[in-house]
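Visitor: I would like to learn how to read a structure like this, one feature after another. Could we have it before us as we talk?

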Amino acid sequence: EWITEQRKLCVKQFNVSVVIDVLRATSTVITALSNGARSVIPVSNIEEALELKHRHPEYIIAGERGGQRIEGFQLGNSPTEYAEAVVRDKTIVLTTSNGTNAIIHASNLAERVLIASFLNLTTVVHELAGYDSSTNIAIVCAGNNGEISYEDTQVAGAIISKLTKNRAHYLSDSSKIAMKLWHALKKPNFSGEHAKKLSQLGFDKDLEFCQKVDYIPILAELRDGKIIKVEYN
Ligand code: MLT
């Protein structure tokens, strides 16, 4: 629903989009970049990842389907797998069920695409605060296979809440809903469907890690198809 709603807005050109897949793609991207990965290339399917690997054997191919590492791929989608010893100076090609498609989709919506999670929450807000309040911002929540995600909505709400604290912004209905949710919760609450599924699959450590607010204060942006770490003010 969430992404479908965003798709309807395709006709509108946004200045900035912010992509959220807190469980787990955007948390994974932020972790990989902070641990020294050169870039993360989001691709929408397995074939594309394999094709890139064929052309660039030095690339690491990574991703999940159904939460589990794709057969033959070097990494899954657990941020905890992306240790410095594994990813430093590497280019990672990532394909996930929802998150990487949301990033690609966002690149058609806006001039700039920023990557958000709880890990880098305030950094993203500071970057957005550098724009004036008439700037058109699209917050793209990846969701789960077309369904709204409880966890992504919390990150969206936290961003909107912090950004509008001292200044007025036009807010869409979905933004208001996200903000109200965050005001009610005040801290991450990972009890949605995807969180439950990840827990059943044994990924409780990922749930714990992805809830760490501002644990990795970096800014990540999609540029020419590659997500890189960028300087911020
Ligand atoms: C996704 O892209 O749907 C998620 O990142 C799935 C996951 O938790 O691995």
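Visitor: How many helices and strands does the secondary structure of the protein chain come to?

Guide: This is a predicted model, in which local features need pLDDT of at least 70 and side-chain atom pairs count only at pLDDT 80 or more, while totals for chains, interfaces and linings use all residues. Residues are numbered from 1 along each chain as its sequence is written. Helices (H or I, at least four residues) and strands (E, at least two) are DSSP runs, numbered from the N terminus, and here the protein chain has 10 helices and 9 strands. Its radius of gyration is 16 Å, close to the 17 Å that the globule rule gives for 233 residues, so the chain is as compact as a globular protein of that length; the radius is taken over C-alpha atoms, and the rule is 2.2 Å times the number of residues to the power 0.38.

Visitor: What percentage of the residues of the protein chain count as buried?

Guide: A residue is buried if 20 or more other C-beta atoms, placed from the backbone, lie within 10 Å of its own, exposed if 12 or fewer, and partly exposed in between. By that count, 48% of the 233 residues are buried. In strand S6 (residues 110-116), which is mostly covered, 5 of the 7 residues are buried.

Visitor: In which sense does S6 pair with strand S1 (residues 14-20), parallel or antiparallel?

Guide: Two strands pair if DSSP finds at least two bridges between them. S1 and S6 pair in the parallel sense over 6 bridges, and phenylalanine 14 has alanine 110 in S6 as its bridge partner. With strand S8 (residues 219-223), S6 pairs in the antiparallel sense over 2 bridges, where valine 113 stands opposite leucine 222 in S8.

Visitor: At roughly what angle do the axes of helix H6 (residues 121-129) and helix H7 (residues 150-163) cross?

Guide: Axes are lines fitted to C-alpha atoms, for helices over the stretch in contact, and angles run from 0 to 180 degrees between N-to-C directions. The axes of H6 and H7 come within 10 Å and cross at roughly 45°. Angles under 35 degrees count as roughly parallel, over 145 as roughly antiparallel, 65 to 115 as roughly perpendicular and the rest as oblique, and H6 and H7 are therefore oblique to each other.

Visitor: How far apart are the axes of H7 and helix H8 (residues 173-185)?

Guide: Their axes are 7 Å apart, and the two helices pack at an angle of about 90°, which makes H7 roughly perpendicular to H8. Two residues are in contact if their C-beta atoms, placed from the backbone, lie within 7 Å; the residues making this contact include Ala156 and Gly157 of H7 and Ala178 and Trp182 of H8.

Visitor: Which backbone details deserve attention, for example where is the cis peptide bond?

Guide: The cis peptide bond joins leucine 23 and arginine 24, with omega about 0°, and arginine 24 lies in the loop between S1 and helix H2 (25-34). Phi is another angle to inspect: lysine 186, a residue other than glycine, has a positive value near 70°. Lysine 186 lies in the loop between H8 and helix H9 (193-200), and it counts as exposed because it has 10 C-beta neighbours inside 10 Å. Aspartate 224, although not a glycine, has a positive phi of about 50° and lies in the loop between S8 and strand S9 (226-230).
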